[in-house]
Amino acid sequence: MAGDSRVLMDHNMEIGVTPAQVKKLPKHLREPQISTERTHLISEPVKKPRQRYVQKDGKCNVHHGNVQETYRYLSDLFTTLVDLRWRFSLLIFTLVYVVNWLFFGFLWWLIALVRGDLVHGDEEGWTPCVENLNSFVSAFLFSIETETTIGYGYRVITERCPEGIVLLLVQAILGSIVNAIMVGCMFVKISQPKNRAETLMFSTNAVISVRDNKMCLMFRVGDLRNSHIVEASIRAKLIRSQQTKEGEFIPLNQTDINIGFDTGDDRLFLVSPLIISHEINEKSPFWEMSMAQMEKEEFEIVVILEGMVEATGMTCQARSSYLDTEVLWGYRFTPVLSLEKGFYEVDYNNFHDVYETNTPVCSAKELATKLRDEPLLPQLPLLSPEPKTQTFDPLDCLSELNPLSQDEKMEERDSSDRGENNGSAAALEEPPIAD
């Protein structure tokens, strides 16, 4: 019976009929199988995902481990409290006040216990240190009222308690210090300028194309707010592994990418989105990279935008990065600025859009060589009815033009002139008459 069903199933598969009842295969058998040969297993290598040094939102993907000198964090306690996450900051904020109130409440209860106010407080003619303080709970409430200056008027300190007066002064001073530190931490944490960086935008991709016959690496930045970033400046770093001539391996070597430091173009007036351009010249790390070579490279471009917030005057920094797969060769950014009636309008729907453009696939070095070796137009005679000119397309790096040099042209012209003159003399010369 089992053999008959197997034969029927094979017959159905041969004629293209799906069996009516086929048991569902296990998951590991339902997954697509890798194509195999008779003796070899062939599979495409899976490319490991690249690890970013800086995330797209600007967060640095670096964790500090095995830090032995943790006391350095306590030496700068204020910055440590500001850098904590919000849940830890709120927890510490609450604990500091509660512990402070409990500590001074315990001291007020201890004074009342030593003086005997807890036992003789209700007797007539007994003057306690703090009136109506008869338990630890009432001492805790008096501590809260003293530090927060609520002053309900039910529990008050008397003038016959010098130790209570000293404790009142100490609590007032320490309470002011605690308020200054904790409120200052919360104020700085709330007004941190890194939140301002949330409205600074970077394009999703960077592009490489030709500008004024020069290869350029470009990306776009923009500000969503009407309040501007004052004294805005931008810089970029190339992060990639490098091996020195001595054999030393540097895993995350940082190289500066010039985006206008020498010309002042790195100073931005960021009112509308701007396209930041890096000219790929002899000093650029991309000078000898062609399109094919860049596809094989592994690198990351970190972009840092800095400036002062116009509303608060605090320094703000926004960061982003581009992996090698996010650098598009042969593209330009779509314009986002248009002129309307009386104002300029920015369309942020096209902020990340790019379009393809005619770009050479060779390196910037090869392109510069072609442009430098471009031949000058030859000086043609005025009487020439059909002047012939030789043109050179700088975008075509594969074109091979081999014009003759000026010396070779002169030699060829002289030889042709000599040939023509010799021919004319021979034609005019009469042959000698034979005797």
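Guide: A search of the whole structure, which is a predicted model, turns up 1 disulfide. The partners are Cys129 and Cys161, with sulfur atoms 1.9 Å apart. That sits inside the 2.5 Å cut-off used to call a disulfide. The torsion about the S-S bond is -75°, and the link of Cys129 and Cys161 is left-handed. Cys129 belongs to the loop between α6 (117-120) and α7 (136-147), while Cys161 belongs to the loop between α7 and α8 (162-190), so the pair ties together parts that are 32 residues apart in sequence. Both Cys129 and Cys161 are buried.

Since α7 lies between those two loops in sequence, let us look at its helix neighbours. Start with α5 (residues 86-115): its axis and that of α7 come within 8 Å and cross at roughly 120°. That angle makes α5 oblique to α7, and the crossing is right-handed. On the α5 side, the contact is made by Asn100, Trp101, Leu102, Phe104, Gly105, Phe106, Trp108 and Trp109. From α7 come Phe136, Ala139, Phe140, Phe142, Ser143, Ile144 and Glu147. Sorted by class, the contact of α5 with α7 has 11 nonpolar, 3 polar and 1 charged residues.

Now turn to α8. The axes of α7 and α8 come within 9 Å and cross at roughly 60°, so these helices are oblique to each other. Here, too, α7 passes α8 in a right-handed crossing. Ser143, Thr146 and Glu147 of α7 make the contact with Leu168, Gln171 and Gly175 of α8. By class, the contact of α7 with α8 has 1 nonpolar, 4 polar and 1 charged residues. Ser143 and Glu147 of α7 are listed in the contact with α5 and also in the contact with α8.

A few other cysteines round out the picture. Cys185 has a relative accessible area of 6%, so it is buried. Cys316 has 2% relative accessibility and therefore counts as buried. Cys362 is found in the loop between β14 (354-356) and α10 (364-372). With a relative accessible area of 5%, Cys362 is buried as well. Its C-alpha atom is separated by 8.8 Å from that of Glu288, a residue 74 residues away along the chain.

Conventions
Residues numbered from 1 in each chain as written. Predicted model: local features only at pLDDT ≥ 70, side-chain atom pairs only at ≥ 80, totals over all residues. Heavy atoms only, no water. Helix = DSSP H or I, 4+ residues; strand = E, 2+ residues; numbered from the N terminus. Buried < 20%, exposed > 50% of the residue type's maximum accessible area, 1.4 Å probe, protein only. Axes fitted to C-alpha atoms, helices over the stretch in contact; angles between N-to-C directions. Parallel < 35°, antiparallel > 145°, perpendicular 65-115°, else oblique. Left-handed = near helix turned anticlockwise from the far one by under 90°. Contact = heavy atoms within 4.5 Å. Nonpolar A, V, L, I, M, F, W, Y, C, P; charged D, E, K, R; others polar.
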